[in-house]
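Subject: Structure handover

Hello,

Here is the structure you asked for. Please open it and read my notes alongside.

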Amino acid sequence: MLVKLGPLDTGRIADLHPYFDSVPDPRARRGRWYSLTAILLVCACAVVSGARSIDELAEWGQRASNTLLTVIGIRRHLLRWRRTPASATIGRVLGAVDGDALDRAVGAYLADRHRAATEPAQAPSPSASGRLRAIAVDGKALKGSARLTAARRHLLSSVTHGTVVPLAQVEVGAKTNETTHFRPLLAPLDLTGTVVTFDALHSVKANISWLVGTKKAHYIAVIKTNQPTAYAQLAALPWQSIAVQHTASGAGHGRRESRSIKTCGIADELGGIAFPHARLAIRVHRRRKQTGRRETRESVYAVTSLDAHQAGPADLAAAIRGHWGVEDSSHHIRDVTFAKDASTVHAGTAPRAMATLRNLAIGVLKTLGADNIAKTTRAIRDEPQRALPILGITNDPDTYGT
């Protein structure tokens with residue numbers, strides 16, 4: 001699995017050190033032995049190695065050699081009875097760290113890594129390469145963070161399509177608060193020419209107008225009955241007289257699925273659609289056959305600010321499918337590989353910090369070409385030194401296969 005990653009070009013892999021340096025230290029200066037950056041780097045290396053809990057974060061440091069810890073910035077204790085942060089120390093730090101600052105640091109790092117990995121292949125315009133540059137906005141609950149006196153934490157994140165890289169994340173408190181955090185999540189990102197995809201919950205007209213007018217981005221918005229006027233207008237379009245423009249099918253996970261797409265131009269002089277900046281109406285028809293069950297059929301309506309010359313039916317189908325694929329490409333990895341839902345971390349900002357570290361691990365491994373995160377983290381686990389070059393920390397000049 002490590003050989004698949006190929007030789008690491010240290011000149012193109014950003015060092016994580018300066019990004020973590022921007023996170024303010026919440027601890028008092030008195031009694032502080034390890035720097036915040038050093039503790040966060042231990043955590044990052046451990047999660048890249050597959051660590052799932054705070055105890056496993058500390059165990060990575062116990063397995064690491066003195067040389068590795070020195071490179072990271074861990075100070076050797078004067079009496080030499082402890083050389084790496086204990087799990088209690090790591091837990092207190094993650095529970096007190098500024099979650100917003102940590103998310104900004106990790107988001108900036110992953111954005112730079114993603115840009116460096118994709119820039120050579122990017123075309124001058126989003127559609128010139130035959131593929132739209134898109135990100136998805138989606139929320140996820142941290143089930144294990146709930147307690148009798150506190151509800152579960154809920155996070156909203158933006159994730160790139162294709163190579164899944166989380167770019168930003170905010171804590172929203174509850175799922176019903178996602179729409180109010182839509183702008184703060186996307187405000188720091190450069191979205192010029194980017195297509196933003198989201199589900200029906202975020203199809204809020206004010207946010208859409210801000211996205212197109214201020215951020216100079218495009219959107220593909222799923223429309224459901226929470227937008228009754230727009231939904232009725234889309235359903236009333238003459239879809240029966242429009243030919244299918246693109247189809248795709250696939251099989252896996254015990255089911256067969258086929259998808260067809262139709263598009264229809266929206267003429268403003270004929271009344272348009274009750275949705276800002278809408279240029280094309282979209283209908284996606286899905287047919288799904290689960291093994292041992294009856295076939296189900298569903299039609300989903302959407303609108304986009306893209307014109308027909310900017311994106312064809314195949315491009316739109318890929319973008320819509322790419323948004324649905326975030327569930328498999330990102331959430332499934334966090335839930336299964338990193339056992340997110342089984343995590344009982346709940347104190348302070350620790351649940352959010354652990355989620356941010358998981359985003360970091362998934363993002364850096366995906367940008368390096370890892371197609372199986374579980375196998376890759378297992379391959380790194382027994383050799384702590386392999387995690388450093390992945391995060392841009394050079395310890396060994398021979399970094400092939402790490």
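How far is the sulfur of C45 from the closest cysteine sulfur? The distance is 9.5 Å, to C43, so the two are too far apart for a bond. A disulfide needs a pair of cysteine sulfur atoms within 2.5 Å. The count here is 0 disulfides.

A word on the source. This is a predicted model, where local features need pLDDT of at least 70 and side-chain atom pairs count only at pLDDT 80 or more, while totals for chains, interfaces and linings use all residues. Residues are numbered from 1 along each chain as its sequence is written, and side-chain values use heavy atoms, with hydrogens and water left out.

Now burial. Buried means under 20% relative accessible area, exposed over 50%, and partly exposed in between (1.4 Å probe, protein chains only). C45 is buried, at 0%. C264 is buried too, at 15%.

Next, the cores. A nonpolar core is a set of buried Ala, Val, Leu, Ile, Met, Phe, Trp, Tyr and Cys residues joined through side-chain atoms within 4.5 Å. The largest one has 94 residues. L186, L211 and Y219 have the most contacts inside it. Helix α3 (residues 36–48) gives the largest share of this core, 12 residues. Helices are DSSP runs (H or I, at least four residues), and strands are too (E, at least two), numbered from the N terminus. Another core lies apart, with 15 residues, including L132 and V284.

Last, Q227. Its place is in the loop between β5 (218–223) and α10 (228–235). Q227 is buried, with a relative accessible area of 15%.

Best wishes
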